[in-house]
Amino acid sequence: MTENIGLFSGLQTPKKEIWAVGGGKGGTGKSFLSANLGIALTRMGKRVLLVDADLGCANLHTCLGVTPAATLSDFIQGKIRNIESVLTQTETPNLALISGAQDYLEIANPKHSQKMRLIRQIHELSFDYIILDLGAGTSFTNLDFFLSADTGILSVIPEPTSIENVYRFIKSAFYRRFKKIARDPDVKEMITLAMDEKNQRGIRTPHDLIDQVASMNEKAGQKLKEAVYTFAPKIVVNQVRSKDDMTLGFSMRSSCGKYFGIKVDYAGYIEYDDHVWQATKKKRPLLLEFPYSSAARCLERTVSNLIKNEELKLNSIVNQ
């Protein structure tokens, strides 16, 4: 049953966690992951809100099999002033949805003021966990949603294009974060320059950028160095078919540390499983339709790691 209501508005939440699920490329299972993370958390007694922040191509409502009466476009256009009025209850107790826009093309590129109002009001909602399902690509809107979260999760599949796009997303998010921290106009200009991968200054990595900034403004360089240590996105490898696929997260973690100087955690992997597309075809989340499938067990292990802020252990794969 689907209804549009102001859910949980009177409840008090002692601590709230906001997760953002991105990935740079379409088709890596971001919405699949978001929907099932939400369901797994409700099974642990948590109150969860899913937000379809894919403003250009929303489909999280389809993954959940619901038909929302109102969407983010109603809120952004001002037709609905209170974002709680956009909440839609799902068939899973304690799981609500804010559906993305489906009927207003300009919403894919909201004005900065509209975007910040949206992020602010989402953060003020009273839930234990809020999960943002981001769109594909490295638009400023996607990066800003990602950076607004407490935990950034990147969904990647074992294909070269997906891996390449995740690296690009990590680097873009990092530079975007740098730019928000920087105050000196010359430093901001340097960061803008660095975002062009073919820049003439030879800045190819965050390390290169920090060195360049430190040489012109030592204090700003130190700030950027400190920002490195507090930026730690998590990787989830989806659709794994082999042990080599399972170890992809470890390889990506090493590469990010070596070439970017960024710590990336490998939170878990999801096995390729025919039950996934079968559930999708029925417009049902995997954890509800096939709760004992191999992919469902992988999802539960991944959620456990995310909650505990732990990483997948290499010996858990080697010993299989």
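**Stop one: helix 9**

Start on the outward side of helix 9 and select Glu218, Lys219 and Tyr229: these are exposed (over 50% relative accessible area; buried is under 20%, partly exposed in between, with a 1.4 Å probe and protein chains only). Before going on, note that this is a predicted model, where local features need pLDDT of at least 70, side-chain atom pairs count only at pLDDT 80 or more, and totals for chains, interfaces and linings use all residues. Residues are numbered from 1 along each chain as its sequence is written, and side-chain values use heavy atoms, leaving out hydrogens and water.

Now select Ala220, Gly221, Leu224, Ala227 and Val228, the buried residues of helix 9. Why do they sit on the same side of helix 9? Because they cover an arc of only 115° around the axis, taken from the directions from the helix axis to the C-beta atoms.

Next, show what covers them: helix 6 (160–181), helix 7 (185–194) and helix 8 (206–216) are among the elements there (contact means heavy atoms within 4.5 Å).

Then zoom to the N-terminal end of helix 9, which Asn217 caps: a side-chain oxygen lies 3.3 Å from the backbone nitrogen of Lys219.

**Stop two: the cysteines**

How many disulfides does a search of the whole structure find? It finds 0 (a disulfide is a pair of cysteine sulfur atoms within 2.5 Å). Select Cys298: the nearest cysteine sulfur, that of Cys63, is 18 Å away. Cys298 is buried, at 1% relative accessible area. Finish on Cys256, also buried, at 0%.

Key:
Helices (H or I, at least four residues) and strands (E, at least two) are DSSP runs, numbered from the N terminus. A polar contact is a pair of N or O atoms within 3.5 Å; within protein, one must be able to donate a hydrogen and the other to accept it, and residues adjacent in sequence count only if both atoms are side-chain atoms.
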